Amino acid sequence: MCLRVHMTCHMTRSVNTAARERADRISVKHHHHELTARHGEPDITPTHRLSLSQADDGSRMLGFCCGPVRFCPVLVLMLAVCGGNVVIQRDAQFDMTYYDTVTSDNQTIYSYNHTVSRNKTEGVRVSVELLSESAQSPVLFVVRQKQAVLSFQVPLILRGLYQRKYPYTQVGRTLCQPPTKALAETQFFFVDVSTLSSAGIHYQLRVSRVDSFTLQTDKKFSFNATPSQPQFFKYVFPDGVDTVIVKVNSQKNFPCSVMSIQDIQCPVYDLDNNVAFIGMYQTMTTTAAITVQRKDFPSNSFYVVVVVKTEDEACGGPLRFYPLLPDELLDAGNRSKTLDVIVSPAINSEVYVMGMLFCLGIFLSFYLLTFLVACVESKRMNRKREGFLNADASPAETGKASVSPYEYGSFADNGSTLSSEAVTDSLASTDGNYGCMDRSLESVARSRQESLSSVEEDDYDTLVDIDSDKNIVRTKKFLCVSDLSRKDKRILSKKYQIYFWNIVTIAVFYALPVIQLVITYQTVVNVTGNQDICYYNFLCAHPLGALSSFNNILSNLGYVLLGLLFLLIILQRDILHKRALERNDSTALECGIPKHFGLYYAMGTALMMEGLLSACYHVCPNYTNFQFDTSFMYMIAGLCMLKLYQKRHPDINASAYSAYACLAAVIFFSVLGVVFGKGNTVFWIVFSVIHILATMLLSTQLYYMGRWRLSESHTHTHTHTHLTYSAVEADAVCVSDSGILRRMLYVIYTDCIQQCSGPMYIDRMVLLVMGNLVNWSLAAYGLIKRPNDFASYLLAIAICNLLLYFTFYIIMKLRSGERIQCLALVCVLFTAVVWGFALFFFLQGLSTWQKTPAESREHNRECILLSFFDDHDIWHFLSSIAMFGSFLVLLTMDDDLDTVQRDKIYVF
C-alpha cells in the first residue's frame, strides 16, 4: 500500500506542469525496484488497477489507472501522502459557489457528475475568480473529462500586439461536450486546483449548467463575453435545411471580437490566441455573418464561438501605448460586450435557379430587342431607298424643290458665331437627290470672310506630299471633316484595327494570371477559414461550390453578354459598310463621318473583359486586387474619348501603341496609389504635378491639332491667300532657332501685351479651359483630401473628362445645325436614366476595403432582389446596361450625317 500511495502522489503531481521540479524528487527508480521485488520485471504496457472499498457512509469506489504515457487521474476523499502534501477531493454540486484556499502543500479536487443524452446536449460552464491580490504564483485549474482535458491558470495572461500582457482574475470557460452514442449516460468530470505558491491563495469556483447551450433556428439569444470569459454554443441542422447563416450583432463597436464556426470536437479553441486555429472565423465590431453548409460538417452540427479580443487594433480601434517595462502587466479595463446570436436558414436551390434565370433573362432580352429594332430599321431604310429611287426617276412629278446642301449646318458670315436659322432637315435636303449631296462651289457665297469648303488647288500651291501642307490645312480657322480625312482609308482602317488586336492581346496576358491569383485567394480562404481576407457583403453572400459569393460573380454576366452584343452590332455595320465600298457607293465614299470600326471592336472587347475581371475581383474582393476591377474601366473611358475625337479627327487620332502606353501609365499610377498613396504627401505632390502637366500638354496638342513642337527645327514658310495666322499659330507651326523659353516669352508678349488678340479657335479654347479647370480642381482636391480609395479617385478623373468632352460634343453638334436622330436620342435619354439609378446603388457602399474587415462588415446589408442579389449586384446590372447604352450613343449619334458631304461637316 505504501508503494501505491507513493505512485499516486507522483501521478497526481504530473497534472501540474509547473510542479515538475518537486515531482522529479520522487524516485521512479524506487518504484521500479519495488515492483521488480514483488512482481518481477514490470510490464509498462499493461494497466495496473487499484480499488478500495469502504462502508456506505459517504465512501465510494476509488479506481487508479496508470501507464507510461497516458494521464492517470487519482480520486481520493482525503489522503495524506508523501512529503506532507494533501490531496482533497470533494463531491461538488452544480450552481453552488465554493470559496477555498490553495497552497503548494495541498491540492483540491472537485468531483461532478451529470447525465449526457444522445438527443440533448447540456452545456457546462466553469467560472473561477481569484480573490487574493498580488499572488506570488498563479493557480492552475485542470478540468478532466471522459474524453477531454481543459486547463487554464488564474490570473489568465493574454497577450496583445507587441507582446503586451493583460492579466484577468475572472475566468469562465464552457466545457466541450463530445457526442455520446448511448441514449443516456452519466459522466463524471473533475476540477483540480493547485499552485506552487507557499502562501495561501483564496479563490472562488462555480460550475453551472448552460440551459441555452443549443441554439434554435430563427431564435435570438443574448449573452455577455469578455476576453477571459468566451462563449460558444451548439447548433444542429434541422431536417430539410442544408445551409444556414449565423449572425452575431452588438450595439457596441468595441471591444473588438471574433466569431468562429468550429466542428464538434474537443478541445474548443475559444481564446484570443487560438481561436483562428481551426474552422471559419471573422473579426467584428457590430456585425458578423457566416454562411455555413451542412456538407462541411459530417456531424450535422457545429459550434458558434464568440471571443472578445484583448485589443481593438484588428477592428480599427486605437492602439494602446507600449509598456515601459518588458514584463509589465497592463490593465485591460472593462472589456465586456453584450452580443446577440441568431441562426437562420439560407436560401434553397430554387432561389439559385431563379437568380440565374433572372440574370440571363434580362440580358438576353436585349438581344431580342436589338433584333426587332434591326428588322424595323431595315424595313424603314428599304422604303426610304425606294422613295429616293422614285424621286430620281421623275423629279418633276414630285413637285419638290431641291434644297442647297450647303444650308445644312452652315456658319454665320461673321466667322466666329454659329447660326442654326439656315439649317434644314437632312432628310428633306436629300428627298430630291438620293445619295451624297452634290458638291457645288458655285453655290457658295464668295463674299464669306472664311470659306468653309475644302481647300482647293487655286487657293495654294499644289504639293505632291500630303504631309507638306497639313500645317496649313490644320490651322485653318474653320475645319471640316474632309480636311482631316485625307489619308488613305485602307491605311487608317489597318491603323485602327490595331486597337482591337492589341486589347485582345492585353486581355489574354492580363486575365490569365488574374484568374490564377483569385483562385489561389479563394483556396486560401477555404483552407484557412480566415474570412477577413475577402471583403464580401456577408449578409448576402451565397456560396456555390468553392465560391464564397456566387451572386456577386453572376451579376457580372451582363458586361460579357452586352459586350458581345455590341460586337455583333459593330460586325453587322462593318459588313454593310464594306459592301457599300465594294459597289463604290458615293454615300459611303464621300459622305458622313468616316467609318472606322477598330475602336468600336476594342470598346466591345473592353466591356467583356470588364465583366470577366470584375467577376475575378468579386471572387475575393480586397485592396490588393481592386485594380482588376478598374483596369478596363480606365480603358473603356480612354477608348470612348478616343472614339469621340476620332469621329471628327480621323487622320490625327492617337495610334494604338501610344494610347495603350498612356493607359498603362494610368494603371501603373493606380497601383502605386493603392500601395503607397495612403497618407503619403510626397506621392500626392508628385501625382498632382504630373496630372496638371499632362493636362496642359494634352490641351496644347488638341488646340493646335498636333501641329506644334518643342524641339528646334528649320523655319517653314507657307503662302496662303485666305489663311491668316496669329502669333500663337505662327509660332506653333514655324519653330525658330531660338530657345523654347524665348519663344514662349515672345508669344506671351505679342498675344497678351502687344496685340492682346483673342484665341483663333474659340470653341476649342472654351473646351480646354473648362477641362483644365476641372482637372486642376481634381488635382487640388486629391492633394488636400488625399482620398484612401485612389483607384476610384483616378477613375473619377477619367469619367469627368469623358463626360465633359461628350457634353461639349453634343453642344457643338447642335450649334453646328446638326440634329440627333430619334434612335440616338432614345439611347441618350435611356442611358442617362440608367446611369442615374446605377450610381445610386453604387453609392450604397455595402463594403469597403479602405477600412478593416470588421469595419467593412458594418456596411453589410441584406439581399433586396429575389433574396439573391444585393445593391452592388444591381449596380452591376444597371452599369453594364448603361455602358452598353453609352456605346450605342457613340455609334448612332452622328447617323444624321450619313448623307451629308464631308466638307459640310464641321470639326470641333
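Asp296 has a relative accessible area of 41%, so Asp296 counts as partly exposed. Its partner is Lys295: the two side chains meet in a salt bridge, 3.2 Å from N to O. Lys295 has a relative accessibility of 59%, and therefore counts as exposed. Before I go on, please keep in mind that this is a predicted model.

How many salt bridges does the count come to? It comes to 21.

Now let me take you to some other salt bridges. Asp894 forms one with Lys647, and the closest N and O atoms there are 3.6 Å apart. Asp894 lies in the segment after α22, which covers 871–892, while Lys647 is in helix α13, so this pair ties together parts that are 247 residues apart in sequence. Are these two residues buried or exposed? Asp894 has 3% relative accessibility, so it counts as buried. Lys647 is buried as well, because its relative accessible area is 5%, and the limit for buried is under 20%.

Asp894 has another partner, Arg648, with the closest N and O atoms 3.2 Å apart in that salt bridge. Arg648 also lies in helix α13, so its pairing with Asp894 ties together parts that are 246 residues apart in sequence. If you step back, you will find a network of salt bridges that links Lys647, Arg648, Lys813, Glu818, Asp894 and Asp896.

Let me stay with helix α13 and turn to the rings. The structure holds 51 aromatic pairs. One of them is Phe626 with Trp849, a tilted pair with 4.9 Å from centre to centre and 55° between the planes. Here, too, distant parts of the chain are linked: Phe626 is in helix α13, residues 626–648, and Trp849 is in the loop between α20 (822–842) and α21 (853–856), 223 residues away. Both Phe626 and Trp849 are buried.

Some rings join up into a cluster. Which residues do ring pairs link there? They are Tyr352, Phe358, Phe363, Phe550, Phe868, Phe869 and Phe877.

Helix α19 runs over residues 790–815, which is 26 residues, and at 1.5 Å a residue it should span 38 Å; its end C-alpha atoms are 38 Å apart, so the two agree. Just after α19 comes Gly817, which takes a positive phi of about 85°.

Last stop, back to the surface. There is a nonpolar patch made of Ile685, Val689, Leu693, Met696, Val769, Leu773, Trp776, Leu783 and Ile784, and together they have about 830 Å² of accessible area. Two helices, α15 (681–703) and α18 (762–785), each supply at least two of the patch's residues. Which helix gives the most to the patch? That is α18, with 5 residues. As an example from the other helix, take Ile685, which is found in α15. Ile685 has 43% relative accessibility, so it counts as partly exposed.

Note on methods:
Residues are numbered from 1 along each chain as its sequence is written. This is a predicted model: local features need pLDDT of at least 70, side-chain atom pairs count only at pLDDT 80 or more; totals for chains, interfaces and linings use all residues. Side-chain values use heavy atoms; hydrogens and water are left out. Helices (H or I, at least four residues) and strands (E, at least two) are DSSP runs, numbered from the N terminus. The expected span of a helix is 1.5 Å times one less than its number of residues. Rings of Phe, Tyr and Trp (its six-membered ring) pair if their centres lie within 6.5 Å; planes under 30 degrees apart count as stacked, over 60 as edge-to-face and the rest as tilted. Buried means under 20% relative accessible area, exposed over 50%, partly exposed in between (1.4 Å probe, protein chains only). Patches are made of residues with over 30% relative accessible area and no salt bridge: like charges are joined within 9 Å, nonpolar side chains (Val, Leu, Ile, Met, Phe, Trp, Tyr) within 5 Å. Accessible areas come from the Shrake-Rupley method with a 1.4 Å probe; for residues, only the protein chains shown count as cover. A salt bridge is a side-chain nitrogen of Lys or Arg within 4 Å of a carboxyl oxygen of Asp or Glu.
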